[in-house]
Amino acid sequence: MAHRIAVTVMCDGNRPDFVTDETTPVMASLKRAGTWFANQRGIFPSATRASSASIATGCHSLSHGLRGNCMGLPIDGGFEFHDAGKPEFFETYRRHYGRMLARPAVSERVSGLYGSIIASNASPGAAFFHDSYSHAHMYHRELCYAPGRIPTGETLTTAAGHEGDAIVTRRFIEALLERRPSAATLWLSEPDKSMHAAPLGSEVHLAALAGADRLVGQVAEAVERLRDEGHEVLFIIGSDHGHESVTEAIPVERRLFEAGFKSSLEGPEIVVAPQGCAAFIHFGGEASSRRREAADWLRQQPWVDNVFMGEDLAALGQIPGDDLIAIDMAKTEGANINGVPGLSAMAVRFDEEIGEIRRDCGMHGGRGAYETNPVLMMIGDGFEAGRLVATQSSITDIAPSILHHLGLPATEMDGSALQNVRQDVTSMIATR
């Protein structure tokens with residue numbers, strides 16, 4: 001029986017200015033076939049794991065609860081650093097908070113229809129927090145499971161990169177055509193993986209874009225097959241964030257130690273949770289009383305663009321706390337060695353040398369113009385072909401747009417369905 005389906009492909013880290021006829025001909029063609037959201041915005045931090053949760057739930061971190069790519073969790077005397085991408089963090093998060101995400105994901109909301117599938121070649125954290133209560137059929141190298149997180153016994157031998165993306169894409173298309181779920185999401189690791197490893201605009205980066213584009217084309221063919229069968233398909237192609245090029249790497253926790261805010265370099269009283277071009281700084285134990293003093297010191301550093309505390313964090317959609325400072329790293333006008341605009345310092349905890357390795361390569365997490373501008377195009381009912389929307393949209397609008405397509409209510413969401421956007425719409429400019 002024909003029914004409505006929403007198919008989403010996320011090309012991790014892609015930037016709108018990289019979608020061109022020369023670089024990504026398939027995506028450029030799809031851009032003209034649907035509605036292009038030119039002023040799409042990510043969350044803060046513009047990092048994959050929290051962004052995955054936001055895309056799944058239609059909410060900012062303040063609502064769903066996952067702060068960033070990594071986090072500090074309280075222990076005696078301060079905090080302990082945790083990487084939210086590691087598979088074990090999923091249960092660590094559950095034990096600490098007594099729940100998973102505080103808002104339901106699309107996978108839960110469509111469970112009463114034809115269910116959902118998620119195929120991901122991103123980190124385990126990015127994949128599993130996209131379905132934190134395990135309502136989907138999940139296809140991931142760490143674990144393939146059926147609803148209820150029941151292991152299926154299937155294994156995917158993949159790694160981040162194009163070869164792994166190709167394997168996951170084939171499995172996604174098989175599951176899509178076999179199950180015909182209400183919601184289906186494919187999350188590619190490229191071009192993000194190559195953008196982190198090579199200068200933006202390099203041959204490595206351009207090859208990764210071309211590879212991701214070919215995989216999008218394979219999904220587009222499957223979508224057309226579903227449409228030929230009578231299914232009304234909403235086809236969404238996007239990314240979770242953009243990228244800036246690295247100018248330098250700052251060991252923020254080491255600098256705080258050298259400035260006298262920590263009694264020992266690796267002590268728990270101050271723990272930095274880097275988010276790429278931003279960072280959260282947790283204060284506990286004996287350092288708790290020095291948070292405002294540290295904030296004043298950070299504002300004087302040339303490698304800090306902005307310092308956020310309290311309600312300033314809440315205004316960004318982030319979780320405030322009286323034990324927390326967030327910083328956005330310094331942005332620089334200009335372009336990298338390949339002429340790609342958008343430059344930012346990156347935050348690390350201790351490493352003094354990584355900046356030379358990462359210079360001109362891609363990074364994200366902060367509030368720079370390019371790292372906060374992901375890709376979004378939508379093709380299907382409610383999205384006129386060849387239209388460009390200049391009104392600001394958000395990755396939190398993706399989930400409510402899916403629910404609108406499926407005829408489901410979008411309650412407890414920060415975003416809004418983009419089918420309702422009609423103001424500030426112009427004709428599509430030619431893709432160069």
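These are my notebook entries on a predicted model, taken one region at a time.

**Ground rules.** I kept in mind that this is a predicted model, in which local features need pLDDT of at least 70 and side-chain atom pairs count only at pLDDT 80 or more, while totals for chains, interfaces and linings use all residues. Residues are numbered from 1 along each chain as its sequence is written, and side-chain values use heavy atoms, with hydrogens and water left out. Helices (H or I, at least four residues) and strands (E, at least two) are DSSP runs, numbered from the N terminus.

**Entry 1, helices H1 and H9.** I looked up how helix H1 (residues 25-33) meets helix H9 (residues 203-228), and found that their axes come within 7 Å and cross at roughly 50 degrees. Axes here are lines fitted to C-alpha atoms, for helices over the stretch in contact, and angles run from 0 to 180 degrees between N-to-C directions. On the H1 side I listed Pro 25, Val 26, Met 27 and Leu 30, and on the H9 side Asp 213, Val 216, Gly 217 and Ala 220, as making the contact (heavy atoms within 4.5 Å).

I then checked the length of H9: at 1.5 Å a residue its 26 residues should span 38 Å, and its end C-alpha atoms are 38 Å apart, which agrees; the expected span is 1.5 Å times one less than the number of residues. Just after H9, I noted that Gly 230 takes a positive phi of about 105 degrees.

**Entry 2, strand E11.** Six of the seven residues of strand E11 (residues 232-238) are buried, so I recorded E11 as largely enclosed by the rest of the structure. Buried means under 20% relative accessible area, exposed over 50%, and partly exposed in between (1.4 Å probe, protein chains only). Strand E1 (residues 4-11) runs parallel to E11 and is joined to it by seven bridges, with Ala 6 opposite Leu 234. Strand E20 (residues 376-379) pairs with E11 in the antiparallel sense over four bridges, and there Phe 235 stands opposite Ile 379. Two strands pair if DSSP finds at least two bridges between them.

I traced an open sheet of four strands in the order E13-E14-E16-E15, with antiparallel pairing. Strand E13 (270-274) and strand E15 (304-308) are its edges, each pairing on one side only, and the twist averages 20 degrees from one strand to the next. Within this sheet, five bridges join strand E14 (residues 278-283) to strand E16 (residues 324-329), and Ile 281 has Ile 325 as its bridge partner in E16. Helix H11 (residues 291-299) lies across E14, E15 and E16, running at about 5 degrees to E16.

**Entry 4, the loop between H6 and E7.** Tyr 133 lies in the loop between helix H6 (124-128) and strand E7 (137-139), and I found Tyr 133 partly exposed, with a relative accessible area of 36%. Leaving aside neighbours within four places in sequence, Tyr 133 is in contact with Arg 99, Met 100, Leu 101 and Glu 108. In the loop between H6 and E7 I also found Ser 134, which has a positive phi of about 60 degrees although it is not a glycine, and which counts as buried at 7% relative accessibility.
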